[in-house]
Amino acid sequence: MWLLSVVVPLIKLYFCGARVLFYQMFNRAFKLPVLPKQNGRVAIVTGGTRGMGYEAARHLASLGMHVFIVGNERKEGAEAVQKIHDEGGQGKAEYVYVDLTSLKSVRQFAQTFRSRGLPLHLLINNAGTMLVPECQTEDGFEFHFGLNYLGHFLLTNLLLDILKKSGGPGRCSRIVNMSSATHYAGIMNMEDLNRRKYYSSHGAYAQSKLALVLFTYFLQEQLNAGGYHVSVNAVDPGMVDTALYDNLWTLAQMLKKPVAKILFRTPAEGASIALLAAAASEFEGVGACYLYNGEKRPSAEVSYDTELQAQLWKKSCELVGL
């Protein structure tokens, strides 16, 4: 049982990584088209202080958006906002502290945002972590599950009514969930989502990314049923040279450095797929897609399991107190 729960997820995750690297070896990053101006529109980007989140926030501000950069690094946040303003774009950026591993912090941010009386046209759930040693959030959730998925699940639901009001015919509000090719290796253990029985950081990370895809499809179905003008998509940035890999084993870190220089995408290239889903005209009103390298791709077969989608939604509501 230990072998299945710990070693197999490790092998599956690295196999997914090898496949992505092989693809990137022979396929260049897609070229992001010129995006339409977004003057007067409002966006929230989680994890927007650095890496792909920063690149997404910077580009959106250049299109005229008012971008809220949320994260738990105040110094980085202030620096990110200053750099964006120094570029002199038509939009503006603000940093707001949020700890996505804390349900209390997420609720406080949602209340603060609501008190501003602003619309919300775009939510990019980008923040994440990978291969963290076994630990729990302050609410007792496995760290990957809590940060990568549950925090975003709660944030999205707390702001969903504003997104619904802000979208309209021909100009939908949009939600973009940052998943990963590792979701193909993910297994949703509904009886042990916090992986208390047998812990694997590889399995926990893959599970959190699969949860985001399941969440994407179920939420879009609910929005469609209600007739709301909100689209939800999951995106896969590929393997990108960011701090996400800081928790790799020492040997893996040593092997990664020379490979990253040649085969990994840059943060700007990685952010392009989120920007495509966030602002491209071709994705107006288009939801429930899994996007990779500029095009729609089939996600893992299990992600289309509507019963599993509903089970995860119900369980997630219970866990976050909705």
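Predicted model: local features only at pLDDT ≥ 70, side-chain atom pairs only at ≥ 80, totals over all residues.
Which side chain makes a polar contact with the side chain of Ser208?

View 1. The side chain of Asn148 is the partner in question, in polar contact with the side chain of Ser208 at 3.1 Å. Leaving aside residues up to four places away in sequence, Ser208 touches His144, Phe145, Asn148 and Tyr149.

**View 2. The open sheet of eight strands.** If you follow the strands across the sheet, the order is β3-β2-β1-β4-β5-β6-β7-β8, and the pairing is mixed. The edges are taken by β3 (92-97) and β8 (295-296); each has a single partner strand, so one side of each has no neighbour in the sheet. Helix α4 (residues 103-115) packs on this sheet and touches β1 (42-46), β2 (66-71) and β3, with its direction at about 165 degrees to that of β1. Helix α5 (residues 143-166) packs on the sheet too, touching β1, β4 (122-125), β5 (173-178) and β6, and its direction makes about 165 degrees with that of β4.

**View 3. Strand β4 between β1 and β5.** Three bridges pair β1 with β4 in the parallel sense, and Leu122 in β4 is the bridge partner of Ala43. On to β5: four bridges join this strand to β4, again in parallel, and Arg174 in β5 is the bridge partner of Leu122.

**View 4. Strands β6 and β7 side by side.** Strand β6 (residues 230-236) and strand β7 (residues 290-292) run parallel and are joined by three bridges. To find your bearings, look for Ala234, which stands opposite Tyr290 in β7.

**View 5. Helices α4 and α5 packed together.** Their axes come within 10 Å and cross at roughly 20 degrees. That angle is under 35 degrees, so α4 and α5 count as roughly parallel to each other. The crossing of α4 and α5 is right-handed. Among the α4 residues that meet α5 are Leu103, Val106, Phe109 and Phe113, and the α5 residues that meet α4 include Leu154, Leu155, Leu158 and Ile162.

**View 6. Helices α2 and α8 at an angle.** Helix α2 (residues 51-62) packs against helix α8 (residues 267-279) at about 60 degrees, and the axes are 8 Å apart. This makes α2 oblique to α8. The crossing of α2 and α8 is right-handed. Gly51, Met52, Glu55, Ala56, His59 and Leu60 in α2 meet Pro267, Ala268, Gly270, Ala271 and Leu275 in α8.

**View 7. Arg195 and Asn293, with positive phi.** Most residues other than glycine have a negative phi. Arg195, in the loop between β5 and α6, has a positive phi near 50 degrees. Its relative accessibility is 10%, so Arg195 counts as buried. Asn293 lies in the loop between β7 and β8, and its phi is also positive, near 50 degrees. At 14% relative accessibility, Asn293 counts as buried.

How values were computed:
Residues numbered from 1 in each chain as written. Heavy atoms only, no water. Polar contact = N/O pair within 3.5 Å; in protein donor to acceptor, adjacent residues only side chain to side chain. Contact = heavy atoms within 4.5 Å. Pairing = 2+ DSSP bridges. Helix = DSSP H or I, 4+ residues; strand = E, 2+ residues; numbered from the N terminus. Axes fitted to C-alpha atoms, helices over the stretch in contact; angles between N-to-C directions. Parallel < 35°, antiparallel > 145°, perpendicular 65-115°, else oblique. Left-handed = near helix turned anticlockwise from the far one by under 90°. Buried < 20%, exposed > 50% of the residue type's maximum accessible area, 1.4 Å probe, protein only.
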